[in-house]
Amino acid sequence: MMKMPNNDITNDMFLPADIDTTQSEKISRQSLSFWKDARKRLAKNKGAMISLVIIIFIVIISLIGPHMNNYGAYKQNLHLVNLPAKIPVLEKISFLPFNGTEHGVDIYEQRHIKQNFWFGTDDLGRDLWTRTWKGTQISLLIAVIAALADLVIGVAYGGISAYYGKHVDNVMQRIVEVLSGIPNLVLIILLILVLQPGLLTITIAIVSTGWISMSRIVRGQMLRLKSEEYVYASQTLGASNSRIIFKHLVPNTSGQIIINTMFSVPSAIFFEAFLSFIGLGIRDPQASLGSLINRAYGVFQIHPSQVLFPSIVICLLLICFNILGDGLRDAFDPKLRK
Amino acid sequence: MDNILELKDLHVSFDTFSGEVQAVRGVNLELKKGETLAIVGESGSGKSVTSKTIMGLIPKPPGKIKNGEILFEGKDLLKFSNKEMQRVRGKEISMIFQDPMTALNPTMKVGKQIMEGLIKHQNMSKSDAKKRAIELLELVGIPNPDARVDQYPHEFSGGMRQRVVIAIALACNPKVLIADEPTTALDVTIQAQILDLMKDLQDKTGTAIVLITHDLGVVANLAQKVAVMYGGKVVETGTVDEIFYNPKHPYTWGLLSSMPKLHDHSNKLLAIPGSPPDLSDPPKGCPFAARCPHAMKVCVDHMPGYFELSETQKSACWLVDERAPKVNPPETIGVRGE
Amino acid sequence: MVRYVLKRIGYMIITFFVIVTLTFIAMKLLPGTPFKTQSRLSPEQLAQLRHYYGLDQPIPVQYVQYLWHALHGDLGGSFQYGMRPITTMLAEKFPVSLDLGLEAIILGAIIGILLGIVAGIKRGTFIDYGSMIISVLGISIPSFIFAVFLQYYFAVKNQWLPVAEWNGGISYHILPVVALSVAVIANVARFMRTEMVEVLGQDYIITAKAKGISSTAVVFKHAVRNAMIPVITILGPLTAAIITGSLVIENIFAIPGIGNQFVESILTNDYPMIMGTTELYAALFIITVFIVDILYVIIDPRIRLTGGDA
């Protein structure tokens, strides 16, 4: 027989309840636009935000740094060569390399130098603080221009290839296939040898290989989207071409494009530094982070501290750009949307 | 009682970013030797989580078992160590999965995948295990098993792969076989073959089967007992006859109504309006109240206990209470077997 | 399979041909044509050189001649070293570079794979974060900066290891190999972790667990094998990275290898040497990529090659 499980249930409770069944159909999660959602997720990523702050900080200091003293980036002074770093106040902190000593000797005192060189001087007596930040400017400039050029060429190439399809696509992809078989290094070095080293040449050389991955991503994404079921679905529902482009193609490809651009910045910074280090980069007296390291490496065994500051700046930049790129990738990947 | 498997008041939840999701909220089930119990319900009703919990395959974290017992031959599996559980899995209780396309390791020969369990649980030598693997392949109806044993999963069709998955599960003559939607991912014609195979194998081996499905046709074919799950709870249990001919819970009515029928000429598929409750914030009362056409005030705030309608049939619905208005099941549930 | 291999060989030849042509064009475009401005050469040598390259002949003829010589393994002679045959010099120096490169790849791959496996299994723990921090640092920090600081700490400051000299002994290998392998470790670890996480979420891992085999067996027999297959694909880019790295690392540690030679020839405008080395690097890279592609097909049983499209 039936069991009575509850005794505090009263008879009047057995009247029909007024429940709106549509209530349960309501979507509880607030819908966010693609960009808002990505931004929100990026903002939650502590590593990426810290990296962004550091990058902004480096950019600002590279712009104002050279104006913080009057030594100038190119002024040589043979009385002031190879000085270690000295920063007032910070010199008191023993574990920091800012006390003006080298191998335990206070060089400033020994040579009766009254000025302070915050990052020291190089073998021609030029102020390394000024040169480091000037060099940072150059390195960043090359990297940003290269990344943007990658973006434009890559998107155009990939887009045209995917849009026209068939023979055009076939020919264009065979070209890419052959080009991507050539190691970047080889192409870059050949180009620089032909064009002679310099700011523009380095940029061109870096771009000459950088656009390929971008074009592949753009083409791949576009081809994939052209056959994606939700795009068909959208077409079937009568969405216009522009709606499909702006609601489906743009959000789905722009994330990838932004991520790739973000990653081509550190790779350009690296190649510039690499080329400068092997003597194919920016020519003296102009400075880039790579050429500073290269020059400092020449006196490295006697004055090891000169290598330190440009190395720290370049490592910080590369690490932060990579972490930011990772953060962007996580933020933009719609598959991870939760 | 000769229950081989018994679940008592099982609670399982998952920690997610949006809070704790209570996937299983107090499930009681009983399975006798050689019997087939079907667990039916829609997606998110907790049926798959229940089955994985029995196998000890809930990843912890994020999953956690908050309460309850899983008694296998009288011993509580939840108290077993990892090592002890390994001796149960595959040997005493084994499992068939939903999607045969992904359930097999793509880079391992199917023979080896079958042999693994044999070598582990029955201490067979490699050559004995291989002989047994060939026998098993033959048993599950794979033609030319001598050659097939050395092939990779991608060389099998979907239906054939599911047979391999069954062979793996049956390798060590388990006492309980859990089949998690074993036919959902297959073509309709293949579905029937696999069901026949399972029936046939059960006759031969006497294995008890827990069949997880949302397909009532499969239930009618294979099971003796049915448990209907909704919102992480079992809302009604009974023998197949009781559930099909004399269902008491409105959700069971809905399920039966939504099943397409051969001789129904109204051409109308009946759906249950609404969607299942959000288990990160489960309703206080009956989980189905929000979608129930017969919901009463009592349903909203009070979870009904089980009303025992017969020796075997229990229903958790206030409508069965004698104070409730008399409601007849809709005709659309279609009395079967006419 | 055969068609696929043939197709790949075809591309390989085309790519190499393009590279040889590019180097030839680059050579022709070089400012002040090398043969005019080489003051290091005696007039006789210059004449010999001009005759050798047939500079008096039209460019297409020169091109064909150049190809013909290259095809016979004759890459010309070094300006810097009194016309010593490039091929001989490369053959002399290549083993050193190859040694270091292989050591770095093997060491890097082993450590990277282990780190990746551990990080993938212990996802979300401090071990995972630790190894991912290592890998971000390894990917970001250029190998030459790493090398400079290794050299400073281990050789200059503490003198545990030789600074910048070379006699081939094991202690001379340590710093360059470590410096070269950092990038390999970082890239492999990160890739392996991603693959492990992906594979561990696959249904067949649950099937394997459901069989009751031990967790170690699940990880090593089922997860690691499947996760490692895609890792092979980054061998190509890694070879390129090692080559790039070797230019500076060999320079920093004064290793008489091809990288060092290449940088020297760039700085001294030793054009034939630059061309020869360029072509060697290109060949190395192309062949690695080819081997990787073929290996991938052999190792992954899922890839069945029918016809030309793979």
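In this predicted model, I began with helix α1 (residues 47-55) of chain B, which lies across β1, β2 and β4 (63-72) of chain B and runs at about 110 degrees to β1(B).

I then followed the strands themselves and noted an open sheet of 4 strands in chain B, in the order β2-β1-β4-β5 and with antiparallel pairing. At the edges I found β2 (19-32) and β5 (75-76) of chain B, each of which has a single partner strand, so one side of each is left without a neighbour in the sheet.

Next I turned to the interface, where 20 residues of chain C are in contact with 26 residues of chain B. I noted that the two chains bury about 2,000 Å² between them, with 58% of it on carbon and sulfur atoms. On the chain C side, C:A210, C:K211 and C:P301 lose the most area to chain B, and together they account for 27% of what that side buries.

Which residue of chain B forms a salt bridge with C:K211? I found that B:E116 does, with the closest N and O atoms 2.7 Å apart, and the count between chain C and chain B is 1 salt bridge. I also logged 13 residue pairs in polar contact across this interface.

Terms used:
Residues are numbered from 1 along each chain as its sequence is written. Chains are lettered from A and ligands numbered from 1 in the order in which they are written. This is a predicted model: local features need pLDDT of at least 70, side-chain atom pairs count only at pLDDT 80 or more; totals for chains, interfaces and linings use all residues. Side-chain values use heavy atoms; hydrogens and water are left out. Contact means heavy atoms within 4.5 Å. Buried area is the accessible area (1.4 Å probe) that two parts lose on being put together, summed over both. A salt bridge is a side-chain nitrogen of Lys or Arg within 4 Å of a carboxyl oxygen of Asp or Glu. A polar contact is a pair of N or O atoms within 3.5 Å; within protein, one must be able to donate a hydrogen and the other to accept it, and residues adjacent in sequence count only if both atoms are side-chain atoms. Two strands pair if DSSP finds at least two bridges between them. Helices (H or I, at least four residues) and strands (E, at least two) are DSSP runs, numbered from the N terminus. Axes are lines fitted to C-alpha atoms, for helices over the stretch in contact, and angles run from 0 to 180 degrees between N-to-C directions.
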